[in-house]
Amino acid sequence: MEKLRLSDDEWRKRLSPDEFRVLRQHGTEAPWGGCFLGTKEPGTYVCAGCGNPLFKSGEKFESGTGWPSFTQPVSGDAVSEYEDRTYGMTRTEVRCARCEGHLGHVFPDGPPPTGLRYCINSVSMKHVPEGAPIPLVEA
Ligand code: FE
């Protein structure tokens with residue numbers, strides 16, 4: 001996959017303040033506040049920064065945590081994962097593999113078949129309905 005690398009200034013122009021804070025500054029949206037809680041429309045969730053396909057609607061489940069949750073990404077190379085030792089915890093951070101935008105974290109307490117829970121900020125994603133073209137953002 002070809003990476004999309006932009007300066008912070010360029011990201012600031014392209015993203016809303018909330019998107020910039022979460023995607024580029026590792027922020028977290030308030031629980032229960034995201035736009036994709038409870039949504040079930042068929043389609044693909046893509047990166048709000050670059051359009052990279054991240055998660056399919058069929059992999060979404062209700063985790064009860066207040067954030068959209070998925071059992072797995074669309075493919076192994078859709079996201080990149082990093083150890084995150086902030087806030088006195090050891091967690092696994094999940095980023096978009098194309099633009100390195102912060103998405104959320106993955107925890108080992110999800111449902112079958114993976115046992116994983118990708119806990120993702122709504123503001124980091126856009127929903128593309130089934131059959132619609134993927135709006136990949138170019139530099
Ligand atoms: Fe991205």
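**Reading the model feature by feature**

Q: How many aromatic pairs does the structure hold?
A: Rings of Phe, Tyr and Trp (its six-membered ring) pair if their centres lie within 6.5 Å, and planes under 30 degrees apart count as stacked, over 60 as edge-to-face and the rest as tilted. The structure holds four aromatic pairs. In one of them, Phe36 and Tyr45, the ring centres are 5.0 Å apart and the planes stand at 80°, so this pair is edge-to-face. In the pair of Phe55 and Tyr118 the centres are 5.7 Å apart with the planes at 55°, so that pair is tilted. Phe55 belongs to strand 2 and Tyr118 to strand 8 (residues 117-120), so the pair ties together parts that are 63 residues apart in sequence; helices (H or I, at least four residues) and strands (E, at least two) are DSSP runs, numbered from the N terminus. One aromatic cluster is formed by Phe36, Tyr45, Phe55, Phe70 and Tyr118.

Q: What should I keep in mind about the source of these values?
A: This is a predicted model, in which local features need pLDDT of at least 70 and side-chain atom pairs count only at pLDDT 80 or more, while totals for chains, interfaces and linings use all residues. Residues are numbered from 1 along each chain as its sequence is written, and side-chain values use heavy atoms, with hydrogens and water left out.

Q: Are Phe36 and Tyr45 buried or exposed?
A: Buried means under 20% relative accessible area, exposed over 50%, and partly exposed in between (1.4 Å probe, protein chains only). Phe36 counts as buried because its relative accessibility is 11%, and Tyr45 counts as buried at 1%. Phe55 and Tyr118 are both buried as well.

Q: Which residues are the protein donors of the iron ion?
A: Donors are N, O and S atoms within 2.8 Å of the metal (3.2 Å for Na, K and Ca), and water is not among the atoms, so sites may look incomplete. Here the protein donors are the SG atoms of Cys47, Cys50, Cys96 and Cys99, which lie 2.3 to 2.4 Å from the iron ion. Along the chain, these donors follow the spacing C-x2-C-x45-C-x2-C. Cys50 lies in the loop between strand 1 (43-47) and strand 2 (53-56), and Cys99 in the loop between strand 6 (91-96) and strand 7 (102-107), so the pair ties together parts that are 49 residues apart in sequence. Cys50 and Cys99 are both buried.

Q: Why is the arrangement around the iron ion tetrahedral?
A: Four donors count as tetrahedral if all angles lie between 85 and 135 degrees; four count as square planar and six as octahedral if opposite donors are over 155 degrees apart and all others between 65 and 115, and anything else is irregular. The four donor atoms around the iron ion subtend angles of 99 to 115°, which makes the arrangement tetrahedral.

Q: Which side chains make polar contacts with the side chain of Glu100?
A: A polar contact is a pair of N or O atoms within 3.5 Å; within protein, one must be able to donate a hydrogen and the other to accept it, and residues adjacent in sequence count only if both atoms are side-chain atoms. The side chain of Glu100 makes such a contact with Ser80 at 3.3 Å and with Tyr82 at 2.9 Å. Glu100 is found in the loop between strand 6 and strand 7, and Glu100 is buried, with a relative accessible area of 19%. Ser80, found in strand 5 (residues 79-84), is buried too, at 13%.
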